[in-house]
Amino acid sequence: MTMKILAFAGSTRSNSLNQKLLDIAALGAIESGAQVTHIHLGDYPLPFYDGDLEGKSGLPEKAAALQDLVAESDALLIASPDYNGGYSAVLKNALDWTGRPNGDGHSGLAHFANKAAAVVSASPGPLGGSRGQLAIRGVLDKLGMLVIPQSFSLGLAHEAFDKTHRLRDARADAMVRAVGAALAETVRKLKG
Ligand SMILES: Cc1cc2nc3c(=O)[nH]c(=O)nc-3n(C[C@H](O)[C@H](O)[C@H](O)COP(=O)(O)O)c2cc1C
């Protein structure tokens, strides 16, 4: 059975802590038999969603590309930064555009529905971005996704990785990989 997971971070920053955490969670999914497609939201620049712009110009090309990627995937694996207790604007904007109707008038929301999702987060603060993570979980739930309970918030993340982007704490490494593994296992069950 093929299990396709689309992985992306809600940060476009080079040296993003969330990107590093995402890569480790993705390893867990790969070890459990999933195929993981990594994308960088910086490669999908989108204007801020605006109904007038959409009415005039339709769905941006990059949003259509994101729709195709979500449509081809069985699950999403997201690493979400915490900005003032919420998630990043770039992440929300990408999700909002992806859910809009395409050129044929078909809603993009259907591509999310009844698929699995997992969220991890990293922050230099002690809570590891857990408030933002909670907020994005609600958005994914609203999109009709099955957000798995397994998650991880990496606090003091600026001190957590070595130069090769590995987590210094072996227990944390295992817990992050376990999130990816749990997502793959959920996909396996959903696909029967
Ligand atoms: C506008 C803004 C607000 C932030 N608010 C929080 C916050 O409420 N809690 C927190 O833990 N970190 C907060 N941070 C710090 C981010 O977690 C930190 O910059 C983190 O490295 C961003 O993720 P990245 O490394 O993946 O880019 C904030 C950063 C910015 C730029």
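1. Order of elements. From the N terminus on, the elements of the protein chain run β-α-β-α-α-β-α-β-α-β-β-α. Helices are DSSP runs of H or I with at least four residues, strands are DSSP runs of E with at least two, and both are numbered from the N terminus.

2. Basis of the model. This is a predicted model, in which local features need pLDDT of at least 70 and side-chain atom pairs count only at pLDDT 80 or more, while totals for chains, interfaces and linings use all residues. Residues are numbered from 1 along each chain as its sequence is written, and side-chain values use heavy atoms, with hydrogens and water left out.

3. Over residues 3-158 the chain is 37% helix and 17% strand, with the end C-alpha atoms 32 Å apart.

4. Overall dimensions. The protein chain has a radius of gyration of 16 Å, which agrees with the value near 16 Å for a compact globule of 192 residues. The radius is taken over C-alpha atoms, and the globule rule is 2.2 Å times the number of residues to the power 0.38. Along the principal axes, the C-alpha atoms fill a box of roughly 50 × 40 × 25 Å.

5. Burial and contacts. Of the 192 residues in the protein chain, 48% are buried (buried means under 20% relative accessible area, exposed over 50%, and partly exposed in between, with a 1.4 Å probe and protein chains only). Among contacts between residues at least 6 apart in sequence, 77% join residues at least 24 apart; contact means heavy atoms within 4.5 Å.

6. Surface and charge. The protein chain exposes about 9,400 Å², of which carbon and sulfur atoms supply 52%. Accessible areas come from the Shrake-Rupley method with a 1.4 Å probe, and for residues only the protein chains shown count as cover. The mean positions of the 19 positive and 19 negative charges are 5 Å apart. Lys and Arg count as positive and Asp and Glu as negative, whereas His and the chain ends are not counted; the place of a charge is NZ of Lys, CZ of Arg, CG of Asp or CD of Glu.

7. Thr 186 and Ile 148. Thr 186 is placed in helix 6 (residues 170-191) and counts as buried because its relative accessibility is 16%. Not counting residues up to four places away in sequence, Thr 186 touches Ala 116, Leu 146 and Ile 148. Ile 148 is found in the loop between strand 5 (146-147) and strand 6 (152-154), and at 3% relative accessibility Ile 148 is also buried. Beyond its neighbours within four places in sequence, the contacts of Ile 148 include Arg 137, Val 179 and Leu 183.

8. Positive phi values. Asn 84, in the loop between strand 3 (75-79) and helix 4 (89-98), has a positive phi near 55 degrees and is exposed at 85% relative accessibility. His 165 lies in the loop between strand 6 and helix 6; its phi is positive, near 70 degrees, and His 165 is partly exposed at 40%. Most residues other than glycine have a negative phi.
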